[in-house]
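Please read it alongside the sequence and the model.

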Amino acid sequence: MSPTALLLLSSLALFEVKHFLCDFVLQTAYLYRNKGIYGHPAGFIHAGLHALGSLPAILLLGPSTGLVATILAGEFLVHYHVDWMKLYIDRRYRLRIDRSAYWIIFGLDQLLHQATYLVILVLLAQAAHL
């Protein structure tokens with residue numbers, strides 16, 4: 001495996017661990033209950049944890065300070081809105097775990113977060129000329 005591929009996969013692995021920790025280990029009932037209320041501090045806290053948690057994966061590729069700030073802001077905004085939209089749809093259509101639509105929306109939410117990490121890696125790779 002090339003050093004470049006190893007570096008990108010290592011960064012992706014850090015994103016995956018961060019995602020697990022922020023979405024499943026560190027997420028409290030307060031955050032989950034309230035992040036679906038647009039503008040509620042819980043959504044900002046949750047998205048902020050994700051953005052800050054991404055720093056190791058981002059810094060591994062050594063980008064400039066401006067790019068780091070842009071990526072963190074972008075991830076914060078995307079994560080906040082993806083989570084808000086998921087919960088909005090869940091509540092609007094009264095989706096519960098016994099309905100297949102719930103799992104489709106949950107899976108789409110997770111897919112969009114994973115796609116965000118891939119976009120971030122592409123941006124970082126281009127900036128580093130990898």
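H129 is exposed, its relative accessible area being 73%, where exposed stands for over 50% relative accessible area, buried for under 20% and partly exposed for what lies in between (1.4 Å probe, protein chains only). The residue H129 is found in the segment after α6, and its phi is near 55 degrees, a positive value in a residue other than glycine. The model is a predicted one, in which local features need pLDDT of at least 70 and side-chain atom pairs count only at pLDDT 80 or more, whereas totals for chains, interfaces and linings use all residues. Residues are numbered from 1 along each chain as its sequence is written, and side-chain values use heavy atoms, with hydrogens and water left out.

R94 likewise is not a glycine and has a positive phi, of about 50 degrees. R94 lies in the loop between α5 (65–92) and α6 and is exposed, with a relative accessible area of 65%.

## Overall fold

The chain contains six helices and zero strands, so that its elements run α-α-α-α-α-α from the N terminus on; helices (H or I, at least four residues) and strands (E, at least two) are DSSP runs, numbered from the N terminus. Taken along the principal axes, the C-alpha atoms of the chain fill a box of roughly 45 × 30 × 20 Å.

Of the 130 residues of the chain, 38% count as buried. The chain exposes about 7,400 Å², of which carbon and sulfur atoms supply 73%; accessible areas come from the Shrake-Rupley method with a 1.4 Å probe, and for residues only the protein chains shown count as cover. Among contacts (heavy atoms within 4.5 Å) between residues at least 6 apart in sequence, 71% join residues at least 24 apart.

## Aromatic pairs

The structure holds 11 aromatic pairs, a pair being rings of Phe, Tyr and Trp (its six-membered ring) whose centres lie within 6.5 Å, with planes under 30 degrees apart counted as stacked, over 60 as edge-to-face and the rest as tilted. One of them is formed by Y102 and F106, which is stacked because the ring centres are 6.4 Å apart and the planes stand at 10 degrees. Y102 and F106 are four residues apart in helix α6 (residues 100–127), and therefore about one helical turn separates them. Y102 counts as buried at 11% relative accessibility, whereas F106 is partly exposed, with a relative accessible area of 24%.

F106 also pairs with W103, and here the centres are 5.8 Å apart and the planes at 75 degrees, so the arrangement is edge-to-face. W103 and F106 both lie in helix α6, three residues apart, which is about one turn of the helix, and W103 counts as partly exposed at 46% relative accessibility. Elsewhere, ring pairs link Y38, F44, F76, Y80, W84 and Y88 into a cluster. The charged end of R92 sits over the ring of Y93, 5.2 Å from its centre; this description requires NZ of Lys or CZ of Arg within 6 Å of the ring centre and within 35 degrees of the ring normal.

## Nonpolar surface patch

V17, F20, L21, F24, V25, L26, Y30, I45 and L49 make a nonpolar surface patch of about 800 Å². The elements that give two or more residues to this patch are α1 (3–25) and α3 (41–53), and α1 provides the largest share, five residues. Patches are made of residues with over 30% relative accessible area and no salt bridge, like charges being joined within 9 Å and nonpolar side chains (Val, Leu, Ile, Met, Phe, Trp, Tyr) within 5 Å; a salt bridge is a side-chain nitrogen of Lys or Arg within 4 Å of a carboxyl oxygen of Asp or Glu. I45 lies in helix α3 and counts as partly exposed, at 41% relative accessibility.

## Surroundings of H46

H46 is found in helix α3 and is buried, with a relative accessible area of 1%. Not counting residues up to four places away in sequence, H46 touches C22, D23, Q27, L31, K35, H79 and D83. H46 and K35 are 11 residues apart in sequence, and their C-alpha atoms are 7.4 Å apart in space.
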